[in-house]
Amino acid sequence: MARRQSPEPVPAIELIDITKRFPGVLANDRVSLTVRHGEVHCLLGENGAGKSTLISILSGMLRPDAGSIRVNGAEVSIISPRDALRLGIGTVYQHSTLIPALTVLENLMLGARSRLLLDREGARKRLAEMASMLGVEVDPEARTGDLALGRQQQVEIISALWRGSRVLILDEPTSMLTPQGVEELQKALRHLKEQGTAIVFITHKLHEALAVGDRISILRRGQLEGSLSPDQLASWSIEDLRAAIIRLMFGEETADVAGAAELSADLAEVEAEYGGPSGLVSESGVLLELKSVCAAGIGTEAGIEDVSLRVSAGEILGVAGIDGNGQRSLAEAIAGQRRVTSGTVELFGVAVNRLSVSARQKLGLRYVTDDRLGEGIVRKLGVSTNLFLKRIGEPPFWRWGRIDRRRINAEASALVKAFDIRTPGLETRAGTLSGGNVQKLLLARELSFNPKVVVFHKPTYGLDLKTAEHVRAVVRDLVSQGAAAVVISTDLDELIELCGRIAVLSRRRLVGVVDNGPHAATQIGSLIVGTAQPQEVA
Amino acid sequence: MAAESEVAPGIGLAPDVPAPAPARLTRWWRILLRSLAPVILALIAGGLLLLALGRDPVQFYVNVWQGGVESGGWQNSAVLMTPLLLIALGLIVVFRAGIWNLGYDGQYLLAAALVAGFGPHLLQTWPAPVAYALLFLIAGSAGALWTVVPAVLKAWYETNEIITTLMMSFIGVGIANILVKGPFQDPTVNIPQTRTIPFAKLLPNLAGTRVNLGVLVALGAVPIVYYLLTRTSFGLRLEVLGANPRAARHVGISLRRVIVTTFVWSGFLIGLAAALDILGLWAYVRANWNPGYGDTVIPFVFLARLNPLVIVPFVAFYAVLSTGGDLAAQQANLPTDFLLVLVALILLFMTVIEYLGRRRDLGHSYLTPGLREALRRPLMRRRPAP
């Protein structure tokens with residue numbers, strides 16, 4: 001605010017004292033925010049800080065309980081997504097809203113003003129225009145389901161701006177992207193900024209906010225904790241900024257979190273502390289072994305072919321690779337959710353191919369799924385019930401088929417405490433918890449009652465820094481007690497931080513296993529992109 | 001759960017009751033409101049319709065009350081409740097699992113034909129309790145058996161059960177008719193119908209009434225099904241399957257077993273409904289006869305939100321409306337189909353209220369933006385915006 005530009009231009013959007021209350025939670029508490037044209041405004045905060053609520057209000061999915069919204073200086077009420085679009089606010093949600101079976105052009109025309117006949121040629125022209133505005137190339141006739149996630153996101157952005165929106169909201173746009181995808185996104189945002197588009201960029205990753213944001217606002221527990229102006233961002237040193245933001249994001253718990261941030265930020269240090277193939281790997285007792293396992297994919301999802309691996313007690317085996325190369329099939333084949341077409345899955349040296357999910361579960365095999373909302377929890381059931389979904393019918397929680405609520409609640413409240421699940425109550429619907437707390441719930445469920453082999457699928461995906469670090473600590477803790485862990489992740493940094501050995505999954509096959517060490521990242525990188533020749537298994 | 005909901009509003013912040021009780025209370029109110037509102041609105045709309053037809057709506061509803069409740073009318077209503085309640089329970093069980101058993105007609109009629117066919121003979125050769133038990137078992141098994149094909153197709157091959165149950169229903173109805181016209185045909189009459197079970201051999205009535213024992217069986221099944229669905233591991237498995245099938249697979253629930261068991265239970269209850277209905281009321285089955293209980297009971301199953309306790313007052317309401325309505329319609333010189341209009345109106349208002357309620361849950365206003373605009377426009381015209 002030091003250099004005041006002579007006539008302050010009218011801001012694209014002003015949120016004034018927005019308040020939104022859900023049962024048991026104050027999601028937004030008098031939040032005021034200003035978004036200007038030609039500026040990327042980053043909204044930073046932990047999961048559950050109220051970012052998504054604020055964005056839902058702005059995009060017309062939710063109505064605020066109090067407060068007002070101004071667009072280009074005029075007060076408006078946004079009561080449906082259609083209103084938001086009419087006011088020139090386009091939103092790209094975290095999860096794809098494209099219809100995979102339709103082409104890019106068809107998807108875009110869905111968002112167009114409805115007319116009796118589809119204006120294919122007009123749409124084609126508009127697409128070309130928008131693509132050059134973003135500085136990207138999009139094939140109008142490609143089926144969106146066939147496009148890479150980064151490309152799909154570009155289509156989503158085009159779709160959001162299709163009707164001439166001048167405000168673009170991006171909800172956690174990088175959570176699905178590869179590093180190259182993130183780079184392309186940043187380039188596109190720069191193009192848009194030059195055209196005067198106002199951009200709201202929601203993230204919980206500090207380095208991203210620093211990389212793309214012209215202005216950063218930090219939310220914590222529903223309140224706006226503070227903002228950093230463009231001047232501050234330009235003049236302060238990176239360390240000062242980081243410290244200031246972490247203080248704003250986490251408040252009084254700053255000390256240990258700053259350490260965590262340092263950890264994930266500074267790879268070299270991390271390697272010194274945890275890295276290296278030594279230590280965690282013990283030769284004794286193979287707990288899980290896959291021998292030439294093949295499993296079929298479902299729909300467009302990749303299966304796996306001829307995957308062999310072994311994990312010993314006290315070991316964390318990483319599985320790296322770009323999403324969609326068979327990760328889910330691998331995890332589900334181990335867990336028993338997917339039929340193995342050939343090869344064997346062995347637990348403690350015994351083939352378990354024919355055992356059901358629950359039978360493997362009883363043997364001590366656990367699977368922390370990546371699809372937390374889709375298959376991890378039942379949204380409408382309570383937290384305590386969700387904690388015991390994998391033990392339905394088992395004594396002592398069920399006796400003669402009858403549920404013992406008291407015992408379940410007692411056990412559940414202990415788990416809630418132990419895993420620090422933030423919930424208003426044990427009966428609260430699990431669907432109302434924030435993403436981080438859902439993951440804690442799943443960890444509590446999977447890691448209780450004597451786990452021996454645990455498959456973690458993207459365990460920290462979409463989580464904020466602090467929860468992610470907490471999850472990693474849980475994984476380490478688990479193996480230090482003699483269990484074995486398989487961590488399937490697309491986050492290479494995370495794998496290098498956690499694992500003794502890292503296997504690389506590429507095009508349905510395990511193309512190599514790398515011992516963690518100084519050059520692991522480059523080795524894995526070349527295995528992923530395929531420059532290192534995969535060992536051909538006949 | 002029961003213990004917690006008894007907490008009075010205002011003192012709900014005791015440390016061991018984390019969920020605030022007032023919120024729970026308002027939720028119950030809201031559910032009650034949303035369940036009753038469609039019925040009330042349908043009665044009002046039906047009244048307006050009667051008015052438009054030149055009938056006196058007040059008189060009509062008074063007649064319904066008199067025919068369905070007063071002067072022994074309640075006894076007829078209670079008798080009608082028996083099959084409706086059991087079929088409703090059978091549907092609640094499957095719908096809770098997210099499975100659509102729409103083959104109730106076939107399951108019911110097949111069971112009914114078997115009971116009417118074997119009934120006369122069995123009741124003559126065996127002591128009544130044994131014969132009843134046997135007939136219940138036959139009917140229940142017939143209903144259950146008729147769900148097995150759709151159940152297996154769904155459990156193993158993920159076939160759409162809406163289609164398979166409907167197809168099996170047609171086959172079931174056809175076979176029931178063949179049985180009635182063929183092996184079970186009463187040789188003494190020319191009309192295609194089964195032999196009649198002697199009046200003395202029908203289910204005994206409750207003391208001093210014309211209401212047979214069947215209604216007790218149906219009412220007795222209510223708490224059993226409720227207990228099964230809310231307190232047992234089977235009930236929870238079923239609920240998880242209904243709420244999120246992928247989660248059910250993930251947590252290791254045997255989908256096949258749950259699907260087949262659920263279907264069989266549903267069919268059993270529907271078959272039992274047929275047995276009680278034939279042994280308690282009809283005593284025989286005529287070819288091409290179909291009381292169509294399932295179709296009428298479905299709206300109420302959803303109004304009761306698949307709750308086996310809440311369904312009882314709804315079924316009672318319909319039973320009264322139906323028995324009293326037959327009479328009232330005759331007196332008002334209307335076809336009895338007018339009752340179906342009322343049921344359809346309930347369905348219509350239920351859909352509307354469900355939609356509005358969902359908007360409310362999402363934090364929107366009850367009014368849709370278009371409607372709000374339409375309401376606002378006449379006002380805007382008078383005071384043009386500056």
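Trainee: Which strands of chain A does helix α5 (residues 149–161) lie across?
Mentor: Keep in mind that this is a predicted model. Helix α5(A) runs at about 160° to β6(A). The strands it lies across are β6 and β7 of chain A.

Trainee: In what sense do β6(A) and β7(A) pair?
Mentor: Strands of a sheet pair through backbone hydrogen bonds, either parallel or antiparallel. Strand β7(A) covers residues 167–171, and four bridges link β6(A) with β7(A). One bridge joins Thr91(A) to Ile169(A) in β7(A). The sense is parallel.

Trainee: Which are the edge strands of the open sheet of six strands?
Mentor: The order is β6-β7-β8-β3-β9-β10 in chain A, with mixed pairing. From one strand to the next, the twist averages 20°. An edge strand here pairs on one side only. That gives β6 (89–92) and β10 (223–228) of chain A.

Trainee: What angle does the direction of helix α1 (residues 51–58) of chain A make with that of β7(A)?
Mentor: Helix α1(A) packs on the sheet. It touches β3, β6, β7, β8 and β9 of chain A. Its angle with the direction of β7(A) is about 145°.

Trainee: Which element gives the most to the side of chain B that touches chain A?
Mentor: In chain B, 25 residues are in contact with 32 residues of chain A. Elements giving two or more residues to that side are α9 (233–243) and α10 (245–250) of chain B. By class, the side has twelve nonpolar, nine polar and four charged residues. The top contributor, with six residues, is α9(B).

Technical notes
Residues are numbered from 1 along each chain as its sequence is written. Chains are lettered from A and ligands numbered from 1 in the order in which they are written. This is a predicted model: local features need pLDDT of at least 70, side-chain atom pairs count only at pLDDT 80 or more; totals for chains, interfaces and linings use all residues. Two residues are in contact if their C-beta atoms, placed from the backbone, lie within 7 Å. Ala, Val, Leu, Ile, Met, Phe, Trp, Tyr, Cys and Pro count as nonpolar, Asp, Glu, Lys and Arg as charged, and the others, Gly among them, as polar. Two strands pair if DSSP finds at least two bridges between them. Axes are lines fitted to C-alpha atoms, for helices over the stretch in contact, and angles run from 0 to 180 degrees between N-to-C directions.
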